[in-house]
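Subject: Structure handover

Hello,

Here is the structure I promised to pass on. Please look it over first, then read my notes below.

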Amino acid sequence: MSEDVIQTHNLTKDFERERAVDSLSLAVPQGSVFGFLGVNGAGKTTTVRMIMGHLYPTKGEVELLGKNPWKHTEVERHRVAYVSDNMHLPGWMTPKQAIRLNASLYPSWDSALAERLLFDLNLNRWKKYRSFSKGEKRRLCLLLAICQNADVLILDEPASGLDVVARHKFLDLILERVYDGRRTVFLSSHLLSDLERIIDRLVIIHRGQLHLSGTLDDLKTEVRELRLPHDIPRESLDSYFEILHYESNEQGTVVIIRNFEDARFRAFCQQFNVDEIVQVNGFNLEDLFVKLVGTEGNRNRRNRQKRKSKHLIA
């Protein structure tokens, strides 16, 4: 069984009146491409900062490479590469200077790959960082992290600011890096359409809590939406399915279930006599994400905007 290179147990972080992360337990196996997903404000960046040892938990435990990140030695820190959601370099620094500096810091630095990526990512090695566009800045930060050749690559919103071509090149690089099964990539993001083709495991968090976890293949096989034209109490569905989402009114019942399988579904249909009228829908990753948390996240953002507008008017 693969060793878990990242583990958290009941990880919790409070900021004054807000709980950003709430009793979150994760296990990230070695050699996986792990998607850590949630809407903006779900607690992703706070979790990543605790995993990196940049933020101390209110309670709970976190291990990175089998050890509390606050206790890492320099050698252990070199085994982890990290790009934050707002990472920046000094404005005067050029890619050439940044590469030379990183090559002197990291024993496993891949100079040949750095030269290749300067060309592939269309980065001018002599141009100052302050003159780069947002996408160019992001590409350079990703280059520096990838060429560190670390055992664990932790990326917070890595595709932010990248155009379609750059995103595809970046995703291909991720696949190339983990091909040997030893390196692990932890991707924190709310942009899902691109990530679906490279991640093999995922966690969705919402309001700082674990909402859904599993391998991508299992979730595609087991998660279904059932639509019925009449009201079925949740308690009746609970006896057959693991329910992720439930809505019911006089127009009908919509439920998203986790443990779909033919035998269980046939038994349910037979008991409630719904063989001919139940509608069963599958999901891709983005549709599943929107169904579970996206709509509520949009509603929460609208409510925050309304409260902010009222405050400004007042």
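Leu-65 sits in the loop between strand 4 (59-64) and helix 2 (74-78). Helices (H or I, at least four residues) and strands (E, at least two) are DSSP runs, numbered from the N terminus. The phi of Leu-65 is near 60 degrees, a positive value in a residue other than glycine. Leu-65 has a relative accessible area of 15% and is therefore buried (buried is under 20% relative accessible area, exposed over 50%, partly exposed in between, with a 1.4 Å probe and protein chains only).

This is a predicted model: local features need pLDDT of at least 70, side-chain atom pairs count only at pLDDT 80 or more, and totals for chains, interfaces and linings use all residues. Residues are numbered from 1 along each chain as its sequence is written, and side-chain values use heavy atoms, with hydrogens and water left out.

Glu-16 also has a positive phi, near 50 degrees. Glu-16 lies in the loop between strand 1 (4-15) and strand 2 (18-29). Its relative accessibility is 85%, so Glu-16 counts as exposed.

Next, a helix pair. The axes of helix 5 (residues 134-147) and helix 6 (residues 164-177) come within 12 Å and cross at roughly 5 degrees. Axes are lines fitted to C-alpha atoms, for helices over the stretch in contact, and angles run from 0 to 180 degrees between N-to-C directions. Helix 5 and helix 6 are therefore roughly parallel (angles under 35 degrees count as roughly parallel, over 145 as roughly antiparallel, 65 to 115 as roughly perpendicular and the rest as oblique). Helix 5 makes the contact through Arg-139, Leu-142 and Ile-146. Helix 6 contributes Ala-166, Phe-170, Leu-173 and Arg-177. Contact means heavy atoms within 4.5 Å.

Leu-162 belongs to the loop between strand 6 (152-156) and helix 6. Leu-162 is buried, at 7% relative accessible area. Leaving aside neighbours within four places in sequence, Leu-162 is in contact with Gly-135, Arg-138, Arg-139, Leu-142, Arg-167 and Phe-170. Between Leu-162 and Lys-127 there are 18 Å in space, C-alpha to C-alpha, and the two are 35 residues apart in sequence.

Regards
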